[in-house]
Amino acid sequence: MKQLIGTGVALITPFKTDFSVDVDALHRIVNYCVDGGVDYLVVLGTTGESVTLTKEEKQLVIDTVTIANAGRLPLVVGVGGNNTVAVIEDLQKLDLTNFDAVLSVSPYYNRPTQEGIYQHFKAIAQASPKPIILYNVPGRTGSNMLPETVARLADVENIVAIKEASGNMVQVQELIQACPKDFHVISGDDFTALATVLAGGSGVISVLGQGLPREFSNMIRSGLNRNVDEAYRQHYELQEGMGLIFQEGNPAGIKAIFEVLGLSGASVRLPLIEASDSLKKNIANFVKPFKVFA
């Protein structure tokens with residue numbers, strides 16, 4: 001799965017002022033990311049507000065991204081949940097022809113044991129027609145998928161990677177050490193992206209990277225090429241933005257960046273709310289030096 005090396009971006013789902021899916025804006029964003037040099041696109045993740053989309057809207061997003069991408073970059077689709085049987089049914093019903101892998105979040109809310117997490121993903125991997133990327137995000141799920149559990153899952157056929165968003169670099173290092181060399185440890189946090197790469201990880205699935213694709217993907221490439229001083233210079237240029245976009249929740253912040261860039265509006269669906277005017281002002285000031293590319 002060399003397709004998972006480098007910078008993936010967790011695409012937003014842009015909305016019009018009436019909160020319907022803005023297909024034209026999504027086309028613009030895909031082209032912007034491709035032209036900006038990212039390595040792959042992730043559809044219907046948390047940043048895409050997938051939990052507030054209907055099945056019909058999810059299909060519309062999939063179709064729109066597939067058409068806009070036109071085979072230029074690898075595609076990953078988010079299919080996950082806390083009902084194992086329902087996730088398997090979704091995988092069997094969804095047309096995954098144009099996708100290279102499936103990103104599946106660790107079960108949330110019901111907080112299974114480590115053995116429950118293992119059995120959940122084992123069942124999904126056996127049912128999926130595409131390789132599985134595990135997604136560990138304890139801040140959202142309420143449970144942490146431990147390195148020893150991931151190492152067990154790495155031996156399951158059809159499980160090829162983990163998006164690790166614990167924010168714990170000790171855990172990231174333990175994952176890299178415990179898992180096979182061909183298993184991809186991918187940062188799920190923009191702040192830990194460079195550190196993960198330098199520790200031996202494969203890259204990142206980024207939020208900020210879709211707003212500043214050229215700059216973020218260049219930073220990750222510098223890290224992968226072990227050009228450490230240049231990579232850290234680029235990281236510190238982006239660091240303020242990494243904090244700003246999550247200040248009032250994701251994806252309100254990244255949508256504010258796209259509004260500044262003129263690529264889409266900043267609307268989000270309840271229970272999320274749009275970024276405040278003060279945050280938008282700070283984001284606009286941050287983006288201003290980079291805006292030439294857009």
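**Exercises on cysteines and helix packing**

At 7% relative accessibility, cysteine 179 counts as buried. The structure is a predicted model.

**Exercise 1.** Classify cysteine 179 and cysteine 33 as buried or exposed, and state how many disulfides the whole structure has.

Solution. Step one: the cut-off for buried is under 20% relative accessible area. Step two: cysteine 179, at 7%, is therefore buried. Step three: cysteine 33 has a relative accessible area of 0%, so cysteine 33 is buried. Step four: a search over the whole structure returns 0 disulfides.

**Exercise 2.** Describe how helix H6 packs with helix H7.

Solution. Step one: the axes of H6 (residues 147-154) and H7 (residues 169-178) come within 9 Å and cross at roughly 30 degrees. Step two: angles under 35 degrees count as roughly parallel, so H6 is roughly parallel to H7. Step three: the crossing is right-handed. Step four: H6 contributes Pro147, Val150 and Ala151 to the contact, and H7 contributes Gln171, Glu174, Leu175 and Ala178. Step five: by class, these residues are 5 nonpolar, 1 polar and 1 charged.

**Exercise 3.** Describe how helix H4 packs with H6.

Solution. Step one: H4 (residues 114-127) and H6 pack at about 25 degrees, with axes 10 Å apart. Step two: this angle makes H4 roughly parallel to H6. Step three: H4 passes H6 in a right-handed crossing. Step four: on H4 the contact is made by Gln114, Glu115, Ile117, Tyr118, Phe121 and Lys122, and on H6 by Thr149, Arg152 and Leu153. Step five: the contact of H4 with H6 has 4 nonpolar, 2 polar and 3 charged residues.

Note on methods
Residues are numbered from 1 along each chain as its sequence is written. This is a predicted model: local features need pLDDT of at least 70, side-chain atom pairs count only at pLDDT 80 or more; totals for chains, interfaces and linings use all residues. Side-chain values use heavy atoms; hydrogens and water are left out. Axes are lines fitted to C-alpha atoms, for helices over the stretch in contact, and angles run from 0 to 180 degrees between N-to-C directions. Helices (H or I, at least four residues) and strands (E, at least two) are DSSP runs, numbered from the N terminus. Angles under 35 degrees count as roughly parallel, over 145 as roughly antiparallel, 65 to 115 as roughly perpendicular and the rest as oblique. A crossing is left-handed if the near helix is turned anticlockwise from the far one by less than a right angle, and right-handed if clockwise. Contact means heavy atoms within 4.5 Å. Ala, Val, Leu, Ile, Met, Phe, Trp, Tyr, Cys and Pro count as nonpolar, Asp, Glu, Lys and Arg as charged, and the others, Gly among them, as polar. A disulfide is a pair of cysteine sulfur atoms within 2.5 Å. Buried means under 20% relative accessible area, exposed over 50%, partly exposed in between (1.4 Å probe, protein chains only).
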